[in-house]
Amino acid sequence: MDEPSTSSNLCKKLSYSIHSYSSFLPTYAPENILQDNQKDQSSRWSSISNSPPQYLILKLQNTSIVKYIKFGKYERPHVCNLKRFKVYGGLEDDTKIELLYSGLSNNSEIETFNLRHTLENSTMIPVRYIRLEPLESWGSNFNYSLWYVELHGIDDSHIISNEISRFYQFREETLIRLCLKHFRQNHYDLAANVLLHSSHVTLEHPFLSQLYETIVTHGNYEMAEISMDQAINDGFLEGFMKSQSFKPVWSLVKEHGNASKKKPCMRGGHQMCIDSAAGIIYLLGGWDGQKDLSDLWCFTIATGTWRCISVNVEEHGGPSPRSCHKICIDMERKQIFVLGRFYEVQSYIGDYPQSDFYVYDIEQNQWTLICADTSIMGGPKLIFDHQLVMDSISSTIYVFGGRVVASSSRCGANESHKQNPDFSGFYKYHVPTNTWTCILPDTYHEIKYLDGVVTHNPQSVASRGGHSILLHSKLRRIYIFGGQRQRMVQRCPEFLWYDIETGITQSMPMPATVDKPPVGYTQRATIDTDNDEIYILSSLSKDKDRKEDKVQNAFWVYFIKQNKWICIYKNHNSDEQYWNRMQHIEPCPRFAYQLVYDQKNKIHYLFGGNPGKADAQNLRLDDFWELKVHRCTNTELSIQCKLLIRKSKFQEIKKKDKVAAMQFLQTSVSELINHSDTEQTREFQETAALLFKDDNQSGDISDEIHKWRCNLFDKLCNFFPKSMVQPQENLVDLISL
């Protein structure tokens, strides 16, 4: 899904009127959604019932390209808010081009969603009518309500005129392609050839046209296998391979050559970073349940060995014992930077503790205090639960969020300050010039008065704690995910990015409630810039007031280019005896753990944490895990394609000679089956059972064979990108009877 073009001067708020509706309750008229009156409970459209279909149809003042939609809500959660809904759009009021399927969070925050506004060939979708269709409210069996709707997009007449022409041309070409597909499938070869040459519209990529000839026209199954191997080698099936199911495999890290059994002790709130090029993981500090630690360790992946670099780095000019600090590594210059720590301010007497900032030179094994207090140098105050990333290209560290330890509000006795702590803003530190810059201060907690009304100071990036931030060095973006603002008001934009070069910040709308990872304090995120993927591991939460925190271990993948989330691993078991049995198979739920990603070898590493046991509150963990995510390989995909082709050939042979079909099944098909795989074995047995099924041998079988071959071709087309293949729809499906 494309992102809103917030940087374009052409993208603006669009005017619309209410065209039609399904129903409404008295006083809750559809026109209410034109005004954003958050404090007025009656300022909304409300349907009479939740019986489908319920809808609102909006008519834009001008035909436009609608890029995104904003929903305002009531000032408090409401049972009639939309948990699920769809948005359609088109040039006619009965056009149902789906632009969005998502859901609103049940809170008072304005939510913005990208709308689908382009077609497969990058043609934009011109829209005059928008249809909003509620599907489910947050309250069971309650009617639906919309409080405020705002549309943004482009209505420049010159652009829209061109896009309407392109849209109609695309629609015409799609119709012709549907006809070509129908004619070819039904042996209307003359009609297909005439239409093909007169329209100059191609049905599909030439490679697939040749594959059709090979399979359907000539029945050359051997050449079909060679063609599919060629397609794999040429990269045509790369998109399919990336979209296939991941198979996560947890295992305890094998620690070789460790006769003395030296390894980091049990801890939580520690920090880890990885030098993927050198194959070394670094671990610093943490809390062992009794005290803060200041030891520094490294783990060499190739040899599987831990080495203690220093039992106490403070004795060598390094930082004092600490936890909830953050570290980042500059792999180019072999330096590790350390910032922040947790501090018990309530019992502190005297001057506020300072925000010291250290760097460790790996090759020289030397610590340097860069600054005793970053706040004096224009940087953040002493913070914890923040995040930082290193951009080695510009030698710049980016620091975002975190709770401020030392401030007059946090050190005061006012209870409201403890419930609403100060948060740090968005900073960057340029290493070569030793310069701090505040990109965006935290102003979320400040208020201002406008015409007697108290409003929060608007801010595109609300600071938070316990979040994750990731740097995509190639896209020059920093991604921010999750975190909490305060215990009772968690809602910040859940997922957003910041463009390093332009300074533009963009909130990324999250999908429907069940199709996204939980947010909070316990997620850990990593990024693979080669595959354009973000990985999020969520585990046990320490905030018991929220239902969402019941979620246990889960691993999510976010595909940046497709703007798509998938969950590849879940284990919500909370039974202690179960996890005792699983202690050598997969890590138990926890918080205050650390996760790093070896991009070179595509492996995650997890160490330690707090299992959150009520009867052992000082217990910490020292288990060390690796997570490998198995993907579909070229060889596996080749076997998958060959199996489809040979099963189709078996079906054709069976129709003519069952003995030959049995021999083919026992040799050519069987050799592709993994007989240790229960599912593959079952499918093989079902295929073999077809030999004993009576076939109707009367009449010409050529039409039946043609359908089988067409069906095989359609199945193989599913491996190719949508832009290469014939339309998935069928012409006859467009006929309404």
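The protein has twelve helices and 38 strands. Helices (H or I, at least four residues) and strands (E, at least two) are DSSP runs, numbered from the N terminus. Of its 737 residues, 52% are buried. Buried means under 20% relative accessible area, exposed over 50%, and partly exposed in between (1.4 Å probe, protein chains only). Among contacts with a separation of 6 or more, 63% join residues 24 or more positions apart. Contact means heavy atoms within 4.5 Å.

Residues are numbered from 1 along each chain as its sequence is written, and side-chain values use heavy atoms, with hydrogens and water left out. In this predicted model, local features need pLDDT of at least 70 and side-chain atom pairs count only at pLDDT 80 or more, while totals for chains, interfaces and linings use all residues.

**Nonpolar cores**

- A nonpolar core is a set of buried Ala, Val, Leu, Ile, Met, Phe, Trp, Tyr and Cys residues joined through side-chain atoms within 4.5 Å.
- The largest nonpolar core has 32 residues, and Leu-58, Val-149 and Leu-151 touch the most other members.
- At least two residues of this core come from each of strands E2 (16–21), E4 (56–72), E5 (82–90), E6 (97–102), E8 (127–137) and E10 (148–154), and from helix H1 (157–185).
- E4 gives the most to this core, with six residues.
- Beyond its neighbours within four places in sequence, Leu-58 is in contact with residues including Tyr-16, Ile-18, Ile-33, Ile-130, Leu-132, Val-149 and Leu-151.
- Another core, of 27 residues, lies apart from this one; among its residues are Leu-208, Met-228, Leu-237 and Phe-719.

- Two packed helices are described by the angle between their axes and the distance between the axes.
- Axes are lines fitted to C-alpha atoms, for helices over the stretch in contact, and angles run from 0 to 180 degrees between N-to-C directions.
- Angles under 35 degrees count as roughly parallel, over 145 as roughly antiparallel, 65 to 115 as roughly perpendicular and the rest as oblique.
- Helix H9 (residues 634–656) packs with helix H10 (residues 658–669) at an angle of about 165 degrees, with their axes 7 Å apart. H9 and H10 are therefore roughly antiparallel.
- H9 passes H10 in a left-handed crossing. A crossing is left-handed if the near helix is turned anticlockwise from the far one by less than a right angle, and right-handed if clockwise.
- Residues of H9 that meet H10 include Leu-643, Phe-650 and Ile-653, and those of H10 include Ala-661, Phe-664 and Leu-665. The residues of this contact divide into eight nonpolar, one polar and five charged.
- Ala, Val, Leu, Ile, Met, Phe, Trp, Tyr, Cys and Pro count as nonpolar, Asp, Glu, Lys and Arg as charged, and the others, Gly among them, as polar.
- H9 also packs with helix H12 (residues 702–717), at about 175 degrees and with axes 10 Å apart. This pair is therefore roughly antiparallel.
- The contact of H9 with H12 includes Leu-644 and Ile-645 of H9, and Trp-708 and Leu-712 of H12. Its residues divide into seven nonpolar, two polar and six charged.
- The axes of helix H4 (residues 221–233) and H9 come within 10 Å and cross at roughly 160 degrees. H4 is therefore roughly antiparallel to H9.
- H4 passes H9 in a right-handed crossing. The residues of their contact divide into seven nonpolar, three polar and seven charged.

**Leu-471**

- Leu-471 is found in strand E28 (residues 468–472). It counts as buried, at 13% relative accessibility.
- Leu-471 and Ile-527 are 56 residues apart in sequence, and 7.7 Å apart in space, C-alpha to C-alpha.
- Leaving aside neighbours within four places in sequence, the contacts of Leu-471 include Val-389, Ile-478, Ile-500 and Ile-527.

**Backbone points**

- Most residues other than glycine have a negative phi, and most peptide bonds are trans.
- The peptide bond from Pro-52 to Pro-53 is cis, with omega near -5 degrees. Pro-53 is in the loop between strand E3 (45–46) and E4.
- His-187 has a positive phi, near 65 degrees. It lies in the loop between H1 and helix H2 (189–199), and is partly exposed at 45%.
- Lys-602 has a positive phi of about 60 degrees. It sits in the loop between strands E36 (594–598) and E37 (603–609), and counts as partly exposed at 31% relative accessibility.
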